[in-house]
Amino acid sequence: MSWLWAIIVGLVLGLIAKAILPGKQQIPLWLTTVFGILGSIVGNAVASWIGVNDTKGIDWIRHLLQLIGAVAVVGVGDLLWQAIRGDRQRT
């Protein structure tokens with residue numbers, strides 16, 4: 001069940017990250033999900049490092065760090081995807 005939640009959260013975070021980033025990202029949906037999962041892992045690691053990963057109630061800071069991680073990973077991942085797939089025009 002935890003893998004299912006990781007995929008769902010990764011998809012949601014990846015789509016929100018794509019909406020936040022300016023321009024159109026050329027990465028496919030499956031890669032958006034993978035980048036969202038990786039961003040979530042990065043955000044959780046940072047939250048653990050600064051000590052806000054498990055608080056009483058809703059962990060808003062952890063969720064914000066997960067979103068920031070997803071934005072960073074999707075942004076860098078899109079650049080890498082374009083470099084690998086060829087430099088297509090961005091619209």
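**Close-ups of a predicted model**

**View 1. The salt bridge between Arg62 and Asp59.** There is one salt bridge in this structure, and keep in mind that the model is predicted. The partners are Arg62 and Asp59, whose side chains come together at 3.2 Å, N to O. Asp59 has a relative accessible area of 9%, so this residue counts as buried, the cut-off being under 20%.

**View 2. Where helix H1 meets helix H2.** H1 covers residues 2-20 and H2 covers residues 29-50. Their axes sit 7 Å apart, and the two helices pack at an angle of about 100 degrees. Angles from 65 to 115 degrees count as roughly perpendicular, and therefore H1 and H2 get that label. On the H1 side, the contact is made by Ala6, Ile7, Val9, Gly10, Leu11, Leu13, Gly14, Leu15 and Lys18. H2 brings Leu29, Thr32, Thr33, Gly36, Ile37 and Ser40 to the contact. Sort the residues of this contact by type and you get eight nonpolar, six polar and one charged.

**View 3. The largest nonpolar core.** Eleven residues make up this core: Leu13, Ala17, Leu21, Ile27, Leu31, Phe35, Ala70, Val71, Val73, Val74 and Trp81. H1, H2 and helix H3 (60-85) are the elements that each give two or more residues to the core. H3 supplies the largest share, with five residues.

**View 4. Zooming in on Val71.** Val71 is one of the core residues. Leaving aside residues up to four places away in sequence, Val71 touches Ala17, Ile20 and Leu21. Of these, Ala17 and Leu21 are listed in the core as well.

Conventions. Residues are numbered from 1 along each chain as its sequence is written. This is a predicted model: local features need pLDDT of at least 70, side-chain atom pairs count only at pLDDT 80 or more; totals for chains, interfaces and linings use all residues. Side-chain values use heavy atoms; hydrogens and water are left out. A salt bridge is a side-chain nitrogen of Lys or Arg within 4 Å of a carboxyl oxygen of Asp or Glu. Buried means under 20% relative accessible area, exposed over 50%, partly exposed in between (1.4 Å probe, protein chains only). Axes are lines fitted to C-alpha atoms, for helices over the stretch in contact, and angles run from 0 to 180 degrees between N-to-C directions. Helices (H or I, at least four residues) and strands (E, at least two) are DSSP runs, numbered from the N terminus. Angles under 35 degrees count as roughly parallel, over 145 as roughly antiparallel, 65 to 115 as roughly perpendicular and the rest as oblique. Contact means heavy atoms within 4.5 Å. Ala, Val, Leu, Ile, Met, Phe, Trp, Tyr, Cys and Pro count as nonpolar, Asp, Glu, Lys and Arg as charged, and the others, Gly among them, as polar. A nonpolar core is a set of buried Ala, Val, Leu, Ile, Met, Phe, Trp, Tyr and Cys residues joined through side-chain atoms within 4.5 Å.
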